[in-house]
Amino acid sequence: MLSVSRMWAHRHLLGIEELTVDDIRLVLDAANSILDRPEISKSEDRKSGLLRGRTVINLFLEPSTRTRTSFELAGKRLGADVVNIGAATSSVTKGETLLDTVRTLDAMDTHVIVLRHPGSGAAHFVATRTRASVVNAGDGAHEHPTQALLDALILKRKKGCIEGLVVAICGDVLHSRVARSNALLLGKMGAEVRLCGPRTMMPPSPAALGTTVRSFEHMQDAVAGADAIIMLRIQTERLEGVSMATTREYSRVYGLGPRLLDFAKPDAIVMHPGPVQRGVELDPSVADGPRSVILEQVAAGVAVRMAVLDLVTRARKETPSQAVS
Ligand code: CP
């Protein structure tokens, strides 16, 4: 169904950092072909059977609407048995450790664990301790690889090519796993990446994310001539000890409204991983305006996650199983 003839060597998808340009192209091509074939992504007869007999567990120990739902839809459309576990309803609330939770899931012959966790590095930790393929659905402020892949798919479909694009990523860059994964991916693909946000929300060394990644002090400079602007939510859940302006002050300096958007290219697109804090980082007229592709990002998320589930389970079949340590 996904017509993957090129090589994918990863049993897990833990971060963009581990992927080559060819890996990224492979996921984007597979997801693109799903989006172009509504009989796969939208038809009533959705169960392709590719993952029939396989079990995908969405272990989400942090809240999520988009990522969890799209992984569930992706798994079901491929014919997998999909089980959702959330923090509030799991035995984590009774003090069970992540390792014991994973060992428990492993004992049930789970094929894929899709993990969202507040701790940076949680997906890597789990990957060495389970026979299942692990897909990182967001670990702390570290990485959110499928979000970056779906953002790249939108950029490719809207702009034709990622290489040479100017992409501004603005807001709480430091605490955003989306910003990190996006900067890594866009840098690898040859886009110019501009980071902008309050000093307390900027990474100490942007160049470490890629040779084409630079930081900007002023929003006007960051968005000037940009092909795309990715706005970020303030990660309040990770802001302990960080001083910040009032919401009104933040919005005045770092929020994207129609006047600031005028500095970007006339055909620039506005992106946001969601959830949006309306009136903070995005003016509602921009969030709902003609340049916004936020809901198209959501739709691309299902296709990207179908491609990823297919690829990691194929790789798993070809990799000798490892004992749980
Ligand atoms: N973009 C994103 O990760 O959204 P959710 O937290 O709703 O999954």
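1. A pocket here is an open set of grid points where a 1.4 Å probe fits, with protein on both sides within 12 Å along at least five of seven lines. The model is a predicted one. In this model the largest pocket holds about 390 Å³ of space.

2. The lining of the largest pocket is made up of 20 residues, and those nearest the centre are R116, R177, R233, G274 and P275. Helix 3 (66-77) and helix 7 (177-188) are the elements that each supply two or more lining residues. By type, the lining has seven charged, eight polar and five nonpolar residues.

3. Where does the largest pocket lie? Domain 1 (16-143 + 298-318) and domain 2 (145-295) both contribute to its lining, so the largest pocket lies between them.

4. Around the ligand are S64, T65, R66, T67, R116, H144, Q147, P273 and G274. The side chain of R116 places an N or O atom 2.8 Å from a ligand oxygen atom. Q147 has a polar side-chain atom 3.0 Å from a nitrogen atom of the ligand, while G274 has a backbone N or O atom 3.3 Å from a ligand nitrogen atom. The ligand taken alone exposes 250 Å², of which the protein buries 92%.

5. The second largest pocket has about 290 Å³ of space. It is lined by 16 residues, with R252, G255, G257, R259 and L260 closest to its centre. Helix 8 (219-223), helix 9 (247-254) and helix 10 (258-261) each give two or more residues to this lining. The lining of the second largest pocket divides into eight nonpolar, five polar and three charged residues.

Key:
Residues are numbered from 1 along each chain as its sequence is written. This is a predicted model: local features need pLDDT of at least 70, side-chain atom pairs count only at pLDDT 80 or more; totals for chains, interfaces and linings use all residues. Side-chain values use heavy atoms; hydrogens and water are left out. On a 1 Å grid over the protein atoms alone, a cavity is a set of points where a 1.4 Å probe fits but cannot get out, and a pocket is an open set with protein on both sides within 12 Å along at least five of seven lines; lining residues have an atom within 4 Å of a point. Grid points are joined across faces, edges and corners, and a volume is the space filled by probe spheres set on the points. Helices (H or I, at least four residues) and strands (E, at least two) are DSSP runs, numbered from the N terminus. Ala, Val, Leu, Ile, Met, Phe, Trp, Tyr, Cys and Pro count as nonpolar, Asp, Glu, Lys and Arg as charged, and the others, Gly among them, as polar. Domain bounds come from an automatic or database domain assignment. A residue is near a molecule or strand if one of its heavy atoms lies within 4 Å of it. A polar contact is a pair of N or O atoms within 3.5 Å; within protein, one must be able to donate a hydrogen and the other to accept it, and residues adjacent in sequence count only if both atoms are side-chain atoms. Accessible areas come from the Shrake-Rupley method with a 1.4 Å probe; for residues, only the protein chains shown count as cover.
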